[in-house]
Protein chains: 2
Amino acid sequence: MQKDKDIIDELQETGGKKYNEKIKQTIENYKNLSDKDKNCLHIYYGYGKGKTTAVMGLAMRAIGAGKKVAIVQFDKGYDGQNEHYSERHILRKLKEIGYPIEIYPTGCERMNKDGTFRFKNQEEDFAEAKRGLKIAKDLLESGKYDVIILDEAVAAVAYHLLKKEDVEELVDIFLKNKNCEFIMTGHKIWDTLEEKADLITEMRKVKHYFDAGIPAREGIEF
Amino acid sequence: MQKDKDIIDELQETGGKKYNEKIKQTIENYKNLSDKDKNCLHIYYGYGKGKTTAVMGLAMRAIGAGKKVAIVQFDKGYDGQNEHYSERHILRKLKEIGYPIEIYPTGCERMNKDGTFRFKNQEEDFAEAKRGLKIAKDLLESGKYDVIILDEAVAAVAYHLLKKEDVEELVDIFLKNKNCEFIMTGHKIWDTLEEKADLITEMRKVKHYFDAGIPAREGIEF
């Protein structure tokens, strides 16, 4: 904590000359990198709120900069009629008005009418995860997108819908081509995934109103 | 880690009957809460990537559910010509096509043409922070919004542009009215803020490509 305070205050006091020299050097070095080395793998994981919203915000930022974005979601199904995920209305609208953004929801209905969940995996859940995996592979091989987001792909491993090897296979395709920014969310990571990622943020739950009796709310949690 | 694994696996094995009973009870209790008690204060803080994108994604989700959203940004200025923040193109477009979303950027230009930063606060930076504070107060008092987001309001305290008391004053207005969901981002929190918040996620930097020589990139960092 003290360390961070010192850095911010030092930048204020000195004007950050040293820091700016480093930025200049970084920008200069970056120009000389191959296009492949400019693309990174991000993982957002943990039990705190803010993972899916973070990658949705990143998708928004990317299309705002003219990038082509594809999003595959795992275990967040859509039957074409009942849309539980409010953010997808906006993603579809953005596509409709011409932004280059594709959204591929996969997964079966998990929410019961009374707000409870169907936790047990059924055959259809596995089939849908497999379908998502295939879409993700094709997108990564296509070379058509600047940013590919697999929402809940890493979570699907915790829920036994995908294997670690499935996710690692996707990472290996990314590492082979490195022709896009590659972004995944989940609950838990593991060592080999951590090694291969360029950026990892843990969304750490410090405090959550679920524990104080507030349920998931439309427009806030979904 | 083991604990989390057990919960996920237990839900799989048992079908989560106990957990679903708790959800049902929570939903039932929630119905009996006053409208005031249904609104929460969120804080997203830390040094990891994903704070601003998380609140932008949340804004997208909220308008997707028909909620009215207002966003004030601190120290992320816009001169009306050079837009450094790609996500704001999309926010403005969403407003333009009719979604109830207002965006109030405050702050002066911090980025130099060569990619370096102007770190030292000038008089205008303080004036802009004060302007943002006034807008935030008016929004919170207006009762016109379902979701009010103050991006970097808590960060502005670390950068000495706002005082802790300024932020606490906003929180007290929220706590008095509790007529909207209130959301802030920043780098560091403090005890009294932590006590008053209903939800806190630390975006913890586990690994960042900045440390490996990748600079901030358009469409990814801004």
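**Two chains and the contact between them**

Chain B and chain A bury about 7,700 Å² between them, and carbon and sulfur atoms give 65% of that area; buried area here is the accessible area (1.4 Å probe) that two parts lose on being put together, summed over both. This is a predicted model, in which local features need pLDDT of at least 70 and side-chain atom pairs count only at pLDDT 80 or more, while totals for chains, interfaces and linings use all residues. Residues are numbered from 1 along each chain as its sequence is written, chains are lettered from A and ligands numbered from 1 in the order in which they are written, and side-chain values use heavy atoms, with hydrogens and water left out.

Let's begin with chain A by itself. Chain A has eight helices and six strands, where helices (H or I, at least four residues) and strands (E, at least two) are DSSP runs numbered from the N terminus. Their order from the N terminus is α-α-β-α-β-α-β-α-β-α-α-β-α-β. The C-alpha atoms of chain A fill a box of roughly 60 × 45 × 40 Å along the principal axes. Chain A is split into domain 1 (1–32) and domain 2 (35–212), with bounds from an automatic or database domain assignment. The C-alpha centres of these two domains of chain A are 33 Å apart.

Within chain A, you can look for the salt bridge between A:Asp151 and A:Lys76, whose closest N and O atoms are 2.9 Å apart. A:Asp151 sits in strand S4 (residues 147–151) of chain A and A:Lys76 in the loop between strand S2 (69–73) and helix H4 (86–96) of chain A, so the pair ties together parts 75 residues apart in sequence. A salt bridge means a side-chain nitrogen of Lys or Arg within 4 Å of a carboxyl oxygen of Asp or Glu.

Now back to where the chains meet. The contact (heavy atoms within 4.5 Å) takes 91 residues from chain B and 91 residues from chain A. Six salt bridges are counted between chain B and chain A; B:Arg217 forms a salt bridge with A:Glu181, with the closest N and O atoms 2.7 Å apart. Several elements of chain B give two or more residues to the side that touches chain A, among them helix H1 (2–14), helix H2 (17–31) and strand S6 (199–207). The largest share of that side, eleven residues, comes from H3(B).

Finally, follow the strands across the contact. Strand S6 (residues 199–207) of chain A and S6(B) run antiparallel, joined by seven bridges; two strands pair if DSSP finds at least two bridges between them. In this pairing, A:Glu202 stands opposite B:Arg204 in S6(B).
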